[in-house]
2 protein chains.
Amino acid sequence: MAMAEVGATAAGGSNRQALSDDDADGRALFLSWAEARGFSVSTDAVGNLFVRREGTDPDAAPVVLGSHLDTQPTGGRFDGVYGVLGGFEVLETIDDHGVSTTAPVEVAVWTNEEGSRFPLSMMGSAVWAGAVDLDVARALVDVDGITVGADLDRLGWAGDLPLGRTLTGYLELHIEQGPVLEASGSEIGVVTGVQGFRWLTVTITGDPVHAGPTPMDARHDPARPLAEVLDGLYRITAERGPWARATPAQFRSEPVSPNTVPSTIRFSVDIRHPDADVLDGMDRAFRDLLATSADRHGCQWEISVDNDSPPVVFDPGCVEAVEASAAATGRAHERIVSGAGHDACYVAGLVPAAMVFVPCRDGLSHNESESIQPAQAEVGAEVLLHAALALAHTSEDR
Amino acid sequence: MAMAEVGATAAGGSNRQALSDDDADGRALFLSWAEARGFSVSTDAVGNLFVRREGTDPDAAPVVLGSHLDTQPTGGRFDGVYGVLGGFEVLETIDDHGVSTTAPVEVAVWTNEEGSRFPLSMMGSAVWAGAVDLDVARALVDVDGITVGADLDRLGWAGDLPLGRTLTGYLELHIEQGPVLEASGSEIGVVTGVQGFRWLTVTITGDPVHAGPTPMDARHDPARPLAEVLDGLYRITAERGPWARATPAQFRSEPVSPNTVPSTIRFSVDIRHPDADVLDGMDRAFRDLLATSADRHGCQWEISVDNDSPPVVFDPGCVEAVEASAAATGRAHERIVSGAGHDACYVAGLVPAAMVFVPCRDGLSHNESESIQPAQAEVGAEVLLHAALALAHTSEDR
């Protein structure tokens, strides 16, 4: 709640956009807590921040717990923040109990996860994992023409810690941002991976004729294939089970005239599935349907792919560590696939990783009304604690 | 073709927007032809222009032939113009042959039929027929803040001829602006009336949730009712025969985000039918469908009526005069309902009226490529001639 006061919004949310003064104030608050504990602090070239508690084996790669402190412009109090502060709670708890871990345990704060101010989400973890070049990230520009590089330099965030270090494992605690756990009554979601998604822009082109004199059967009306492909999209999705998702959005048609058949109708389609082959199959089935339907109505069509993010399958060992922790602490849990992207997606490309979800009220996120109960927060941190200790090969010293 | 050079566009069309200098130049050209013939010329308070050839009975109300000379900004060479010049050709032919008519014959040029510069289509005939107050028309403003009244005064178009005079009949010759006659091979369309139309704005409201984590069955996605009501709209229309028309257009959804289920989808629906009861039935069936479908998917809906223009049924005597003329001149003809509005719609509210259609290439109109063949133009004018003579009770004097 103290962190939420940094960049607090009138509606009860937080506005700490990446690399802003508010984001810097949030980090400063976090660092004041870390330094009070005597944990060491380092940053890498893209400003990812790591708070470290040493382990007993000087050669062991660290176990990293983390997420992000930056928010959407009208963000909530928990998206990202909960994973950082939950990780820090784990670090404090280990320290409070004088637990020695073989591997060091670190808490990571990734830079610019939201991608709202600088248009690249999961930027810090993407650069860390080598999926995006540092120079590309530094050159990103906000609406005022300020670059990521300029702000990293201004804030002194760029440090010497190597990117893409070897880690024993990475665990990210996060609110679900969906209604599944709340509906099923699970206290913990054991996240096995992240859905692949593909963003398509669909354009259907017809003939802009007068709505009055033109008989219905003499038209090439793009709203006819629109009706058919929307209906088909939902059918294609339903056929592929509960993890298949399809979201048509951003509808626009031209011309802006009530009495002219549209010349073009354009809309986006977001399709998701945790299995890359199934996702490809959805895409193909949708294109086939569009081609057939547009052809039947004498319309042209075009699809562009604006974003193509393959599914992520988390490390079985990390997933089992989370599941075992939930079981050992007696928490109702279920395996779940994340519908949204997280820093763990990029990190998982390089090192073993998994995530822990807790339910959030009404599945609401990217919203100032985002809410979890203190007891729910505690359960998640507790499961994270025992999973982290399992990965870090603990031995209690008292 | 000479008239088309006034306000000619690079793409071969005409740009003579109502009450502009180009519109004034078009009228001046037309008046030079009228005055060369010695016909008398008058205007009424809204600038409607009447070119008159006297009849033999001083008490007889005139037969008026007419349409408009103003165009869309990227208008064609025939929409409106053909009806004025076709009417004038009739007047010249009567005069050339020394035909005496019992009733006077006049050619009308209605002011601002297009409604593109000043936003009220069929303005001149609407004021003439008392459907719109003169003051309302004079107060209409273009994008530069110029009023109809100011331009009427500037051009000296406002005259003393009474509005809403008694007429023996009104006949309007026009291009079809649709593909029906061309498809059936008819040379003449005997227009029995004008379709009623209603413009609806439909808003469907759902819940804007994240496209990733939210299961398909936990959504209130307005694109689901959209698919169903579009499909249903085409079915409702098909059930009501070839004169029923429906045009969904102007699709817009919010928010502009590919990975959020739309909160609202808005679109317009233009429905048309020549029978008022059938039009009402289409409207009701569509609303019922929308209510059921939105409810099934947990969405809200709203419909506003933006325009409601009742069907026009032309005077049987005038329609028969046109039909008899087409038959007498040996022209392939069929009865047809106009899908678009014309000055004749308002005039028919006050005096007996009908229209004559000729085919136009590909049914194209409101388009610089608008085209008819000289022979087609001649056929239409010939049918107009004999229908006008029938109404004006002719007696040849040589």
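Helices and strands are here DSSP runs, at least four residues long for a helix (H or I) and at least two for a strand (E), numbered from the N terminus. The structure described here is a predicted model, and the predictor gives the complex an ipTM of 0.82 and a pTM of 0.82. For chain A the mean pLDDT is 95, with 99% of the residues at 70 or more.

Chain A is as compact as a globular protein of its length, because its radius of gyration of 24 Å is close to the 21 Å that the globule rule gives for 398 residues. Along the principal axes, the C-alpha atoms of chain A fill a box of roughly 85 × 45 × 40 Å. Of the 398 residues, 55% count as buried. Among contacts in chain A with a separation of 6 or more, 77% are between residues 24 or more positions apart.

Chain A is divided into two parts, domain 1 (3-194 + 311-396) and domain 2 (196-309). The C-alpha centres of these domains of chain A lie 37 Å apart. Where they meet, domain 1 of chain A gives 5 residues and domain 2 of chain A gives 9. The domain 1 side of this contact has 2 nonpolar and 3 polar residues, and no charged ones.

Attention now turns to the pair of chains.

The contact between the chains takes 50 residues from chain B and 50 residues from chain A. On the chain B side, the elements that give two or more residues are strand 8 (196-205), helix 7 (223-238), strand 9 (245-254) and strand 10 (264-273). Helix 7 of chain B supplies the largest share of that side, 9 residues. By class, the side of chain B that touches chain A has 25 nonpolar, 18 polar and 7 charged residues.

Some individual residues are worth a visit. B:T201 has its place in strand 8 of chain B. This residue is partly exposed, with 16 other C-beta atoms within 10 Å. Leaving aside residues up to four places away in sequence, B:T201 touches B:R266, B:S268, B:S304 and B:D306. B:V105, by contrast, is 96 residues from B:T201 in sequence and 44 Å from it in space, C-alpha to C-alpha.

Most residues other than glycine have a negative phi, and most peptide bonds are trans. B:Q250, in strand 9 of chain B, has a positive phi near 55°. B:Q250 is buried, since 22 other C-beta atoms lie within 10 Å and 20 or more are enough to count as buried. B:H366 has a positive phi of about 50° although it is not a glycine, and B:H366 likewise counts as buried, with 23 C-beta neighbours inside 10 Å.

The peptide bond from A:E254 to A:P255 is cis, with omega near -5°, and A:P255 lies in the loop between strand 9 (245-254) and strand 10 (264-273) of chain A. In chain B, a cis peptide bond joins B:E254 and B:P255, with omega about -5°. B:P255 is found in the loop between strand 9 and strand 10 of chain B.

Technical notes
Residues are numbered from 1 along each chain as its sequence is written. Chains are lettered from A and ligands numbered from 1 in the order in which they are written. This is a predicted model: local features need pLDDT of at least 70, side-chain atom pairs count only at pLDDT 80 or more; totals for chains, interfaces and linings use all residues. The radius of gyration is taken over C-alpha atoms; the globule rule is 2.2 Å times the number of residues to the power 0.38. A residue is buried if 20 or more other C-beta atoms lie within 10 Å of its own, exposed if 12 or fewer, and partly exposed in between; C-beta atoms are placed from the backbone. Two residues are in contact if their C-beta atoms, placed from the backbone, lie within 7 Å. Ala, Val, Leu, Ile, Met, Phe, Trp, Tyr, Cys and Pro count as nonpolar, Asp, Glu, Lys and Arg as charged, and the others, Gly among them, as polar. pLDDT is the predictor's confidence in each residue, from 0 to 100. Domain bounds come from an automatic or database domain assignment.
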